[in-house]
Amino acid sequence: MLGQVGSSSRSKSLEWGFWLDRIFKQKDFQLSMIGHAEAWDIGIYANPNYYFQYDSQEFRDAYNQALKATTEAEQAKWFGLLPGNHRHGCRERYLFASPSLSAMKAELMNCEELPTIALDCTEVW
């Protein structure tokens, strides 16, 4: 597909520790693909030191206003500005988000489904 527009790429799987050190900590990469989508990921764009290094004061201001909002309508207004705002100047893009589908015994107690790929089982019995 990339060849049709005059580009080419090679993919290489990395060991998790290597990815954490080289890409996440050292920010030494040209392109990285990783399963990384959770409900509150929008907040990482407010951190210019995060590994994909998005730096927008306008985004940080809108995000902080959303967190301080006292009504749902006000919060929706500020959070509504964020996705469009971060598309300008941000090199990171989502390809897709995998659904979180858990299968468990009916007898399992105190298990809460969260909108993330993680399942917190610390209080499950």
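This is a predicted model: local features need pLDDT of at least 70, side-chain atom pairs count only at pLDDT 80 or more; totals for chains, interfaces and linings use all residues.
Colleague: How much of the protein counts as buried?
Modeller: Of its 125 residues, 22% count as buried.

Colleague: What share of the contacts with a separation of 6 or more comes from residues 24 or more positions apart?
Modeller: Those residues account for 36% of such contacts.

Colleague: Let's go inside. How many residues does the largest nonpolar core have?
Modeller: The largest nonpolar core has 17 residues. I42, Y45, F52, F59, Y63 and L82 have the most contacts inside it.

Colleague: Which elements give two or more residues to this core?
Modeller: They are α1, residues 16-25, then α2, residues 57-68, and α3, residues 72-87.

Colleague: Which of them gives the most?
Modeller: α2 gives the most to this core, with 4 residues.

Colleague: Switching to aromatics. How many aromatic pairs does the structure hold?
Modeller: The structure holds 11 aromatic pairs. One of them joins F29 and Y51.

Colleague: What is the geometry of the F29 and Y51 pair?
Modeller: The pair is tilted. The rings sit 5.9 Å apart, centre to centre, with 55° between the planes.

Colleague: Where do F29 and Y51 lie in the chain?
Modeller: F29 is in the loop between α1 and α2, and Y51 is in the loop between α1 and α2. They are 22 residues apart, and the pair links distant parts of the chain.

Colleague: Are F29 and Y51 buried or partly exposed?
Modeller: F29 counts as partly exposed, because its relative accessibility is 29%. Y51 is at 6%, so Y51 counts as buried.

Colleague: Why is the pair of Y50 and Y51 called tilted?
Modeller: The planes of the Y50 and Y51 rings are at 50°, so the pair is tilted. Their centres are 5.2 Å apart.

Colleague: Buried or exposed for Y50?
Modeller: Buried, because Y50 has a relative accessibility of 13% and the cut-off for buried is under 20%.

Colleague: Which residues do ring pairs link into a cluster?
Modeller: The cluster joins W16, W19, F24, F29, Y50 and Y51.

Colleague: New topic: K27. What is its phi?
Modeller: K27 has a positive phi of about 55°. K27 is not a glycine.

Colleague: Where is K27 found?
Modeller: K27 is in the loop between α1 and α2. Its relative accessible area is 29%, so K27 is partly exposed.

Colleague: Last one, Q75. Which helix is Q75 found in?
Modeller: Q75 is found in α3. Q75 counts as partly exposed, because its relative accessibility is 29%.

Colleague: What does Q75 touch, not counting residues up to four places away in sequence?
Modeller: Q75 touches A66 and A69.

Colleague: And what separates the C-alpha atoms of Q75 and Q65?
Modeller: The separation is 7.7 Å. Q75 and Q65 are 10 residues apart along the chain.

Notes: Residues are numbered from 1 along each chain as its sequence is written. Side-chain values use heavy atoms; hydrogens and water are left out. Buried means under 20% relative accessible area, exposed over 50%, partly exposed in between (1.4 Å probe, protein chains only). Contact means heavy atoms within 4.5 Å. A nonpolar core is a set of buried Ala, Val, Leu, Ile, Met, Phe, Trp, Tyr and Cys residues joined through side-chain atoms within 4.5 Å. Rings of Phe, Tyr and Trp (its six-membered ring) pair if their centres lie within 6.5 Å; planes under 30 degrees apart count as stacked, over 60 as edge-to-face and the rest as tilted.
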